[in-house]
Amino acid sequence: MGTSTSNPGQKGGTPLIPSWLDDNNFDPQPQAPDRFSVPRGNFTRFINDNRTGNGGRSGHLSRATSHYVRNTLGGSSNATARLGAARRSTTQMFSIFNSIITHGVAESQRLFRLGDIIGKKAADALLMIGKFICPDGGSTDEGIARDSYIEAIIAMPELQDKNIEDLSPPEFLAFTEHYMSRVIEDRLINDIGNKCFSLPDSVAQIDEIQRQLSGFISGAVSDAVSKLNVDISRINSSQASAIVDSIYKKSYDLLAGLEE
């Protein structure tokens with residue numbers, strides 16, 4: 001799956017919102033010991049369909065994703081709050097990208113102390129920015145933030161051909177969408193899917209599973225951005241946090257409604 005944050009998966013007694021997160025924007029939910037079992041079961045059935053050559057039934061995947069958001073996590077607000085470090089990183093990303101678009105690379109480099117990114121290829125400059133917004137070390141959710149950031153760069157090979165100064169607002173927004181999609185996907189995999197990926201017999205099957213899962217999630221994020229009329233060139237630092245939470249929450253709302 002490309003994630004460097006694999007673990008044995010969440011246990012039923014693991015708090016939905018860790019105590020260290022210090023976030024009050026969620027609704028406490030009972031910690032049912034088996035709360036991960038239903039989405040894991042549907043996810044396993046989806047993977048087994050791929051394994052047996054049936055191509056994977058989207059119904060199993062949509063049920064797994066919908067139940068995961070609505071029942072396991074207790075809704076989109078809880079799901080968003082649970083992202084922790086990734087929410088903070090996304091907020092910083094919006095602020096930096098808006099600054100580059102509106103004030104230029106040199107001024108943004110100075111304001112955020114990003115190092116020398118002037119004249120760098122966009123992929124290299126974004127890696128340097130990533131060290132600022134997704135520092136090494138920390139908990140699983142911080143690892144998810146770092147992994148998702150690298151995967152977003154990989155997903156846009158055109159970043160190797162342009163300097164950071166030449167990226168357009170739609171390209172900055174596209175990168176942000178890739179990142180947010182990967183955050184949601186990696187969080188889901190760490191919660192319900194890690195053990196399941198030992199089931200497929202070939203790399204091709206794993207790639208197909210990832211393609212379908214990524215398509216579900218990236219479609220939800222893209223729709224959320226569109227429905228919220230997000231314009232990254234108009235989002236300053238004071239607005240970024242609220243916009244980020246709105247996009248994640250809307251994305252989870254769309255994923256929760258897949259089964260309907």
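## Working through a predicted helical model

The backbone oxygen of alanine 242 sits 2.9 Å from a polar atom in the side chain of serine 246. Keep in mind that this is a predicted model. Let's start with that serine.

**Exercise 1. Work out where threonine 65 sits and which residues it touches beyond four places in sequence.**

Step 1: Threonine 65 is part of helix H2, which covers residues 58-72.

Step 2: Its relative accessible area is 1%, so threonine 65 is buried.

Step 3: Look for a backbone partner. A polar atom of the threonine 65 side chain lies 2.9 Å from the backbone oxygen of leucine 61.

Step 4: Leave out residues up to four places away in sequence, and threonine 65 touches Leu188, Leu255 and Leu258.

**Exercise 2. Do likewise for asparagine 42: is it buried or exposed, and what does it contact beyond four places in sequence?**

Step 1: Asparagine 42 lies in helix H1, residues 37-51.

Step 2: With a relative accessible area of 9%, asparagine 42 is buried.

Step 3: Setting aside neighbours within four places in sequence, asparagine 42 is in contact with His60, Arg63 and Ala64.

**Exercise 3. Describe how helices H4 and H5 cross, and what sort of residues make the contact.**

Step 1: Get the geometry. H4 spans residues 85-103 and H5 spans residues 105-112; their axes come within 7 Å and cross at roughly 145 degrees. The crossing is right-handed.

Step 2: List who meets whom. H4 brings Ser95, Ile96, Ser99, Ile100 and His103, while H5 brings Val105, Glu107, Ser108, Leu111 and Phe112.

Step 3: Sort them by class. The contact has five nonpolar, four polar and one charged residues.

**Exercise 4. How many aromatic pairs are there, and how is the pair of phenylalanine 112 and phenylalanine 132 arranged?**

Step 1: The count comes to six aromatic pairs.

Step 2: Take the two rings. The centres of phenylalanine 112 and phenylalanine 132 are 6.5 Å apart and the planes stand at 70 degrees, so the pair is edge-to-face. The cut-off for that label is an angle over 60 degrees.

Step 3: Compare accessibility. Phenylalanine 112 counts as buried at 19%, whereas phenylalanine 132 is partly exposed at 34%.

**Exercise 5. Now classify the ring pair of tyrosine 149 and phenylalanine 175.**

Step 1: The ring centres of tyrosine 149 and phenylalanine 175 are 5.3 Å apart and the planes are at 75 degrees, so this pair is edge-to-face.

Step 2: Tyrosine 149 is in helix H7 (residues 140-154) and phenylalanine 175 in helix H8 (residues 169-193), so the pair ties together parts 26 residues apart in sequence.

Step 3: Both tyrosine 149 and phenylalanine 175 are buried.

How values were computed: Residues are numbered from 1 along each chain as its sequence is written. This is a predicted model: local features need pLDDT of at least 70, side-chain atom pairs count only at pLDDT 80 or more; totals for chains, interfaces and linings use all residues. Side-chain values use heavy atoms; hydrogens and water are left out. Axes are lines fitted to C-alpha atoms, for helices over the stretch in contact, and angles run from 0 to 180 degrees between N-to-C directions. Helices (H or I, at least four residues) and strands (E, at least two) are DSSP runs, numbered from the N terminus. A crossing is left-handed if the near helix is turned anticlockwise from the far one by less than a right angle, and right-handed if clockwise. Contact means heavy atoms within 4.5 Å. Ala, Val, Leu, Ile, Met, Phe, Trp, Tyr, Cys and Pro count as nonpolar, Asp, Glu, Lys and Arg as charged, and the others, Gly among them, as polar. A polar contact is a pair of N or O atoms within 3.5 Å; within protein, one must be able to donate a hydrogen and the other to accept it, and residues adjacent in sequence count only if both atoms are side-chain atoms. Rings of Phe, Tyr and Trp (its six-membered ring) pair if their centres lie within 6.5 Å; planes under 30 degrees apart count as stacked, over 60 as edge-to-face and the rest as tilted. Buried means under 20% relative accessible area, exposed over 50%, partly exposed in between (1.4 Å probe, protein chains only).
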